[in-house]
Amino acid sequence: MGSRTDSWASSEAVRASMRSNKGRDTKPELALRRAVHALGLRYRVAVRPLTGVRRTADLVFPRLRVAVFLDGCFWHGCPEHHSVAKTNAAYWAEKVRRNRERDAETDLALAEAGWAVIRVWEHEDPVEAAQRVEAVVRAARAFHATATLDARGVAAGVPP
């Protein structure tokens, strides 16, 4: 582990706090998963939708090619709730800018590969977000039930 001088954190307390942030199974993520599960939908958790791309979706419906990302308001720059950091402001502004850029790159890569992407903010009501997920999953099921598959097993003309 590096010394304090190697760290991006403004203090040891900030470093400890940031390191304790969970990468998965957060309260908003668990609430969304419970709500989606209650609607009768089954999914995979913390999966990379595209092989070879280092992006992990929170919920994935692999056969239907639906990926759900639950974005934190601070980390992804929520237009309603993002707060500007008081310490190390330039670092955090660049970090959030890059996260948003990476989110857009991920959405584009998935769409080009025939995936539907759903982005949910952590502050959204989990039941309402689950209903959005359900609508996309049901539409994908209906589409895949009637679609013809190409040689790779991908439905021809899959909507992004």
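Let me begin with helix 4, residues 89–112, where 24 residues at 1.5 Å a residue should span 34 Å, and because the end C-alpha atoms are 35 Å apart, the two values agree; the expected span here is 1.5 Å times one less than the number of residues. Helices (H or I, at least four residues) and strands (E, at least two) are DSSP runs numbered from the N terminus.

This is a predicted model, in which local features need pLDDT of at least 70 and side-chain atom pairs count only at pLDDT 80 or more, while totals for chains, interfaces and linings use all residues. Residues are numbered from 1 along each chain as its sequence is written, and side-chain values use heavy atoms, with hydrogens and water left out.

Within helix 4, the buried residues include Trp92, Val96, Asn99, Asp103, Thr106 and Leu110, where buried means under 20% relative accessible area, exposed over 50%, and partly exposed in between, with a 1.4 Å probe and protein chains only. An α-helix has 3.6 residues a turn, so residues three or four places apart point the same way. Just after helix 4, Gly114 adopts a positive phi of about 90°.

Turning to helix 2, residues 27–38, we find Arg33, which counts as buried because its relative accessibility is 14%. The side chains of Arg33 and Asp25 are joined by a polar contact of 2.8 Å, that is, a pair of N or O atoms within 3.5 Å, where within protein one must be able to donate a hydrogen and the other to accept it, and residues adjacent in sequence count only if both atoms are side-chain atoms.

Finally, the protein has five helices and four strands, in the order α-α-β-β-β-α-α-β-α along the sequence.
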